[in-house]
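Please look over the sequence and the structure shown below, and then read the report that follows them.

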Amino acid sequence: DAYDRSDRTALDSSLYDAMLRWMPANFAPYRADAEDPRPRIAPYVQSVPSVVHQGLVYATRQHGQRNSFMLISHPETHVATAGQIVDIFLHSRMEGDQRIIAPFLLVDVYAQLSAAHATKDPYRAFDLLNTHLCYNRFQSQILVRLEDVVSHFASLTYTPPEIGEECIVVRSLDRVRQQCSDVYSISYKWSFR
């Protein structure tokens, strides 16, 4: 409902190429050979400040700081990676008679701790906490689909003396990990018997 054709802008070529990786094979890039009979993927998108998916709000850092901290499945490594949403794009295409509106997130990815510093991360000793440190700086920027979001994360910045560089605590707020809540429930009951 939020998509407005009159409010579209063209993606730069690197973002357009990144978006193409998730498009169906029966579509062609807009700059494809003239003889290619496949329908073209338009390079136009609409930027929006936020989207709602499965009852959760995802927003750009400019429009919703708390809702911009994400754990995403990195498109190359498929490892849960901490980042912050810079922009949200809606892309429209026709598949037969149906209009498909696909949201994409432009995410700044936090820098991972070096191997030496990772051994000094106090949270990594406790798997069930689902918490770890990253450096409080960005190492790259990637475009992902909304379905690549794993969860929001709670954040806190501080400088651990053992590391000597400002870090961000990444605490997953994954609401679908029933097994973790069961373990915490069991631990809680056990400790008070």
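## Paired strands

Strand β8, residues 80–95, and strand β9, residues 98–110, pair in the antiparallel sense over 12 bridges. The words need care here: helices (H or I, at least four residues) and strands (E, at least two) are DSSP runs numbered from the N terminus, and two strands pair if DSSP finds at least two bridges between them. This is a predicted model, in which local features need pLDDT of at least 70 and side-chain atom pairs count only at pLDDT 80 or more, whereas totals for chains, interfaces and linings use all residues. Residues are numbered from 1 along each chain as its sequence is written, and side-chain values use heavy atoms, with hydrogens and water left out.

Within the pairing of these strands, D87 stands opposite L106 in β9. The hairpin of β8 and β9 has two residues between the strands, and G96 takes a positive phi near 65 degrees in this hairpin. Strand β9 is also joined to strand β11, residues 138–145, by seven bridges, and β9 and β11 run antiparallel. In this second pairing, D108 stands opposite Q141 in β11.

Most residues other than glycine have a negative phi, and most peptide bonds are trans. H78 is not a glycine, yet it has a positive phi of about 60 degrees. The place of H78 is in the loop between β7 (69–73) and β8, and H78 is exposed, with a relative accessible area of 59%. For such words, buried means under 20% relative accessible area, exposed means over 50%, and partly exposed lies in between (1.4 Å probe, protein chains only).

N130, another residue other than glycine, has a positive phi near 55 degrees. N130 lies in the loop between α2 (115–118) and β10 and is partly exposed, with a relative accessible area of 27%.

## The largest pocket

How much space lies in the largest pocket? The volume is about 260 Å³. Of the 13 residues that line the largest pocket, the closest to its centre are A80, D127, N130, T131 and H132. The elements that give two or more residues to this lining are β10 (131–135) and β12 (149–158).

A pocket is defined on a 1 Å grid over the protein atoms alone: a cavity is a set of points where a 1.4 Å probe fits but cannot get out, while a pocket is an open set with protein on both sides within 12 Å along at least five of seven lines, and lining residues have an atom within 4 Å of a point. Grid points are joined across faces, edges and corners, and a volume is the space filled by probe spheres set on the points.

The lining of the largest pocket divides into five nonpolar, five polar and three charged residues. In this grouping Ala, Val, Leu, Ile, Met, Phe, Trp, Tyr, Cys and Pro count as nonpolar, Asp, Glu, Lys and Arg as charged, and the others, Gly among them, as polar.

## Salt bridges

A salt bridge is a side-chain nitrogen of Lys or Arg within 4 Å of a carboxyl oxygen of Asp or Glu, and by this rule the count comes to eight salt bridges. The table gives some of them.

| Pair | N to O distance |
|---|---|
| R31 and D17 | 2.5 Å |
| R38 and D36 | 2.8 Å |
| E165 and R137 | 2.8 Å |

E165 lies in the loop between β12 and β13 (167–172) and R137 in the loop between β10 and β11, so this pair ties together parts that are 28 residues apart in sequence. E165 counts as partly exposed at 27% relative accessibility, and R137 counts as partly exposed at 39%. Elsewhere, salt bridges that share partners join R145, E147 and D148 into one network. R31 is partly exposed at 44% relative accessibility, D17 is partly exposed at 39%, and R38 is partly exposed with a relative accessible area of 32%.

## Cysteines

A disulfide is a covalent bond between the sulfur atoms of two cysteines. Here a disulfide is counted as a pair of cysteine sulfur atoms within 2.5 Å, and by this rule the count comes to zero disulfides.
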